[in-house]
Amino acid sequence: MYKIDIKNVADQNILDLCLVCVSPEKREDPDWIKGMEEKRAWALDMLKKWGSFAKIGYVDNEPAGMIQYHPVPEENIVWIDCIYIHEKRYWQKGIGTQLLVSLIEDMKKPLEWFENRIPSALVVRTFSGESEGQLSAREFFTKKGFQTIGDDPDFLYYPIEKNFVYQPLIKKASIEYQPQDEDKGKVLIFCGPNKCSAAYPFFVKRMERYIREIDNKIPIVYIDIAKEPEMAKRRNANYGDCVVNGRIIKTFVLDKTNFQKEVKSLL
C-alpha cells in the first residue's frame with residue numbers, strides 16, 4: 001500500500017518539482033538539464049511572486065506527481081496550469097486525486113491573493129496527450145466534479161463559492177509578432193524560464209531538428225527571453241515562438257508535416 005504525502009513547493013523542494021516529470025534516464029541529457037534549469041528559474045520567480053504555486057505528491061519520499069496553479073486576481077479564480085503523474089507505476093494510485101483535494105481544501109480558506117477572500121472557482125483547460133492506459137486530463141477533472149464552460153469540453157471549472165457559475169472575461173486580442181529586418185535570413189527560437197521541464201527538449205529543440213531536416217545551413221539563434229528581454233519585447237515574442245526569415249511560424253511543432261510545410265514556404 002502506497003503512503004502518499006502532499007507537500008507545497010518551497011525553496012527546499014523546487015528541484016523535486018523540476019525532476020518529477022523527467023524520466024531518470026533523461027536526467028543526464030544536456031537538453032533535459034537545460035529544460036530543468038529553465039523550470040527552476042521560473043519556479044523561483046513564482047515563489048517570489050505568489051508564494052505557494054504548486055504541490056508535489058511523494059511516495060516513499062520520492063516525488064511521484066505534481067499540480068501547478070496560479071491566481072488570477074482580476075477574475076477571483078485560481079487557474080490550474082498542470083497536473084501530472086509521470087511514471088506508469090504511480091498511475092491509478094490516487095496521487096492526482098490527493099493533489100487536487102489538497103488544493104481544493106486550501107482554496108476554501110481566505111487568501112492574500114484575493115484580499116483575504118476565497119476564490120470563486122478553480123479553472124483549467126485540458127488537452128489530450130495521455131499515454132495508453134493513462135486517464136485523460138478531461139476525464140480526470142470531470143470525474144472530480146469539474147463542469148464545462150460553454151461548448152468547449154476541455155474548458156472546465158470547479159466552483160469554490162456556492163452556486164458560482166464561471167463566465168470568462170473577454171480578453172483583448174493579442175498583439176501580433178512585430179517583424180524586424182535583422183531577422184531575415186535566419187531562424188530565431190525563443191526560450192527561457194517556463195513552467196515545464198519538457199518544454200525545451202520536447203518542443204524547442206524539436207523545432208531545430210525539423211528545420212535542420214529542411215535546411216542545414218540557415219543560422220539558428222536562440223533568444224532567452226529572461227536574459228535578452230528587449231529582443232523579445234521588440235518583436236512581441238513569447239516562449240516557444242519560432243521565427244523563420246522574419247516571419248513567425250503559426251503551426252504547432254508536433255504537427256510535423258504542416259510545421260515543415262510552413263517553414264519551407266518562408267525560406
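Gln180 is buried, with a relative accessible area of 18% (buried means under 20%, exposed over 50%, partly exposed in between; 1.4 Å probe, protein chains only). The model is predicted: local features need pLDDT of at least 70, side-chain atom pairs count only at pLDDT 80 or more, and totals for chains, interfaces and linings use all residues. Residues are numbered from 1 along each chain as its sequence is written, and side-chain values use heavy atoms, with hydrogens and water left out.

Gln180 sits in the loop between strand S7 (152-159) and strand S8 (187-191). Strands are DSSP runs of E, at least two residues, numbered from the N terminus. Gln180 touches Arg234 and Arg235, residues up to four places away in sequence not being counted; contact means heavy atoms within 4.5 Å.

Seven strands form an open sheet in the order S1-S2-S3-S4-S5-S7-S6, with mixed pairing. Two strands pair if DSSP finds at least two bridges between them. Strand S1 (4-8) and strand S6 (147-149) stand at the edges; each has a single partner strand, so one side of each lacks a neighbour in the sheet. Strand S5 (residues 121-125) runs antiparallel to S7, joined by five bridges. Val123 stands opposite Tyr157 in S7.

The structure holds zero disulfides, a disulfide being a pair of cysteine sulfur atoms within 2.5 Å. For Cys82, the closest cysteine sulfur is in Cys21, 5.9 Å away and too far for a bond. Cys82 is partly exposed, at 26% relative accessibility. The sulfur of Cys191 is 12 Å from its closest cysteine sulfur, in Cys242, again too far for a bond. Cys191 is buried, with a relative accessible area of 4%.

Note on methods
Helix = DSSP H or I, 4+ residues; strand = E, 2+ residues; numbered from the N terminus.
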